[in-house]
Amino acid sequence: MDAPLEAPEALIRPWRTATIAASLVAAVELVLLLGAAFLLPAKPLSHAMQRHAAKTAFAPAAKHARPVLPKQAPIGLPKLLRSETKVYVLNGNGRNGAASAAASRLEDRGYRIPGTGNAKRQDYATTVVMYKRGFHAEGARLARDMHVKIVGPLDGLDPATLNGAQLAIVLGAR
């Protein structure tokens with residue numbers, strides 16, 4: 001008697017299922033191994049980074065060299081008396097009458113005032129004394145007399161607009 005053979009599909013099906021199951025298990029193992037390979041060195045690495053950051057943060061400050069300031073030439077004594085020094089007064093703070101009030105104070109101190117006017121800008125925060133070339137000492141004296149801390153050469157002003165004055169004072173909010 002002949003026994004009938006099972007269909008070839010029945011013989012293959014258990015192997016196909018077993019192969020798929022084995023592949024899935026291998027894939028899960030691969031993912032777990034890759035995760036372990038990443039996580040195992042991560043903790044010691046993070047501790048090393050924390051130690052380095054703490055060491056850097058709490059290290060004593062490095063000593064920096066002092067900044068080298070440009071040497072200033074001595075100013076010297078004024079060549080002109082106050083009665084010979086002309087000061088042009090500019091209002092740079094926007095308050096009405098500030099230039100004329102400052103001009104009268106300067107006249108009381110002996111300075112000559114060839115004119116007053118408004119500065120190009122009205123937003124000066126502090127008062128500034130400016131001088132023509134060769135009149136630095138007179139500018140420093142005017143700054144002392146008016147309790148002004150900023151003294152510098154003419155900046156943004158044309159000497160021809162000063163009506164012959166050697167100095168200009170631009171009044172600021174302070």
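Guide: A polar contact is a pair of N or O atoms within 3.5 Å; within protein, one must be able to donate a hydrogen and the other to accept it, and residues adjacent in sequence count only if both atoms are side-chain atoms. This is a predicted model, where local features need pLDDT of at least 70, side-chain atom pairs count only at pLDDT 80 or more, and totals for chains, interfaces and linings use all residues. Residues are numbered from 1 along each chain as its sequence is written, and side-chain values use heavy atoms, leaving out hydrogens and water.

Visitor: What lies 2.9 Å from a polar atom of the side chain of Asn 93?

Guide: The backbone nitrogen of Arg 95 does. That distance is within 3.5 Å, so the pair meets the distance limit for a polar contact.

Visitor: Why does Asn 93 count as buried?

Guide: Its relative accessibility is 16%. Buried means under 20% relative accessible area, exposed over 50%, partly exposed in between (1.4 Å probe, protein chains only). Asn 93 is in the loop between strand E1 (86–91) and H2. Not counting residues up to four places away in sequence, Asn 93 touches Ala 98, Gln 122, Leu 171, Gly 172 and Ala 173 (contact: heavy atoms within 4.5 Å).

Visitor: What makes E3 a partner of both E4 and E5?

Guide: Two strands pair if DSSP finds at least two bridges between them. Four bridges join E3 (residues 128–131) to E4 (residues 150–153), running parallel. E3 and E5 (residues 167–171) also have four, in the antiparallel sense. Tyr 131 has Pro 153 in E4 as its bridge partner, and Val 128 stands opposite Val 170 in E5.

Visitor: How do you know that both faces of E3 are covered?

Guide: Val 128 and Met 130 are buried on one side, Val 129 and Tyr 131 on the other.

Visitor: What makes the chain more spread out than a compact globule?

Guide: The chain has three helices and five strands (DSSP runs: helices H or I, at least four residues; strands E, at least two). Its radius of gyration, taken over C-alpha atoms, is 43 Å, well over the 16 Å that the globule rule gives for 174 residues, so the chain is more spread out than a compact globule. That rule is 2.2 Å times the number of residues to the power 0.38. Along its principal axes, the C-alpha trace spans about 145 × 40 × 25 Å. Buried residues make up 25% of the 174.
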